[in-house]
Amino acid sequence: MKSFFQLIVVKNWRTYAILFVALLVLGGVLKLLIAEQNRLIELPVAVQNFDDSESSKQLMTALKKQPRFHVTNLSTEERYPEDEVAKQRAVAVVIIPDDYEKRLAARQTSGVLTLYVQHNMVGDIVTETISKTAYKQQLPYIVAQHLKVKNIALEDVFAKYKKVEPKGQLTMRSLVDSSPQSLGLAAVIIVMLLVGVAQIGLNRALCQPQALARVRIYETNYRKFYMVYVAAHSFVLVVGALGLMMLIGLSVSATAIFILLAAAVVFEIGVALLLTHVRTWSHQLFMALIFAMTLAVIIILLQLGGVA
C-alpha cells in the first residue's frame, strides 16, 4: 500500500495541486459573476439634497436602509437631475428642497419632495417605497398638526410615536442553512466533475499499459491501486469543492459533504476504470466527459426532486 501511495500521491502531487487550484480559481470566477448579478438586481436611486439638514439626512439614511436600494448623492449643481432617469443611470431621483426641515416643522408636508421615476413596474415599486419612507418620517408632524389645538408638543408626539409605531405583520427570517436538495450544491458538484475530467490528461504517465500489466499480476495489488487512486483523487476533489462552496457563499453541512464525497467516489471509480482499461487517450477523454455529463444530469434530477 505504501508503494502505491508513493507512486499515485507523492510522485503525482502536481496533478492534485492543479485540480485543487482549478476548483478555487473557478470558485473565484463564480464569486465575481454572482457579485455582478447581485449588483444588477440593485435599484439605483439618486438623491439631490438641497437642505443638508438633520431631517433630510435622516430621510437619506432611511432610504439607504431599504432592501435593494443603492442610494447615491447627486450634486446640487446638477441642473437637470431628471437626466439620471432619462439616461437610465437611476431608477428614480429624489429632490429634497432647501426648506425641507422648515416645511416639516410647519406641518406643510404636501408635495414637499420632487420625484423623477421610470415609467414601468420597477418605477412603481420604487415610488411606493420612497413614498412609504417619506410618510413614515412625516407622520409625527401630521399628527402634531391635528393635536395642536390640544397644546400637545411635537416632542411628545415623537416620543409617543416611537412607543406605538406599528410593526410589520410579516416575520422575515433568513435561511442560513441551505437544503441539501439545492441547485447551488448541484452546480458545485457539476463543476467538480468537469474539473475532474482533467485528470485524464494529467495522469497519462501514471497509467502506462506496461506498468498496469505488472500490477494486474496480483489481484490484491490491483485492488490496492484502485483504492489509493480513488481515495486520493476523491479527497482532493471534495476539498476543492468545499473551498469553492465557501468562496461563493454556500453553507457547508455534513449532508453536503456526504453528497460531494459520494459523487466524487463514483466518478473516480469510473475514471480509474477508464484509465486502466481504455488505452486511447482521446477515447478516455470522450468517455470521461460523457460519464461526467451523465452524473451531472442525474444529480440535477435528484436535486430537483426527480422527474414528474
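The model is a predicted one, in which local features need pLDDT of at least 70 and side-chain atom pairs count only at pLDDT 80 or more, while totals for chains, interfaces and linings use all residues. Residues are numbered from 1 along each chain as its sequence is written, and side-chain values use heavy atoms, with hydrogens and water left out.

Next, colour the largest nonpolar core, which has 39 residues, and in which Ile189, Met192, Leu193, Leu260 and Phe267 have the most contacts. Such a core is a set of buried Ala, Val, Leu, Ile, Met, Phe, Trp, Tyr and Cys residues joined through side-chain atoms within 4.5 Å, where buried means under 20% relative accessible area with a 1.4 Å probe, protein chains only. The elements giving two or more residues to this core are α2 (13–41), α8 (183–196), α11 (219–248), α12 (254–277) and α13 (281–303); helices here are DSSP runs of H or I with at least four residues, strands are runs of E with at least two, and both are numbered from the N terminus. Of these elements, α11 gives the most, with 12 residues.

Now show α8 with α13, whose axes (lines fitted to C-alpha atoms, for helices over the stretch in contact, with angles from 0 to 180 degrees between N-to-C directions) lie 10 Å apart at an angle of about 170 degrees. That makes the two helices, α8 and α13, roughly antiparallel, a term for angles over 145 degrees. On the α8 side select Leu185, Ala186, Ile189, Ile190 and Leu193, which meet Ala292, Leu295, Ala296, Ile299, Ile300 and Gln303 in α13.

Finally, zoom out to the whole chain, which has 13 helices and four strands, and in which buried residues make up 37% of the 308 residues. Among contacts between residues at least 6 apart in sequence, 77% join residues at least 24 apart.

Definitions and conventions:
Buried < 20%, exposed > 50% of the residue type's maximum accessible area, 1.4 Å probe, protein only. Parallel < 35°, antiparallel > 145°, perpendicular 65-115°, else oblique. Contact = heavy atoms within 4.5 Å.
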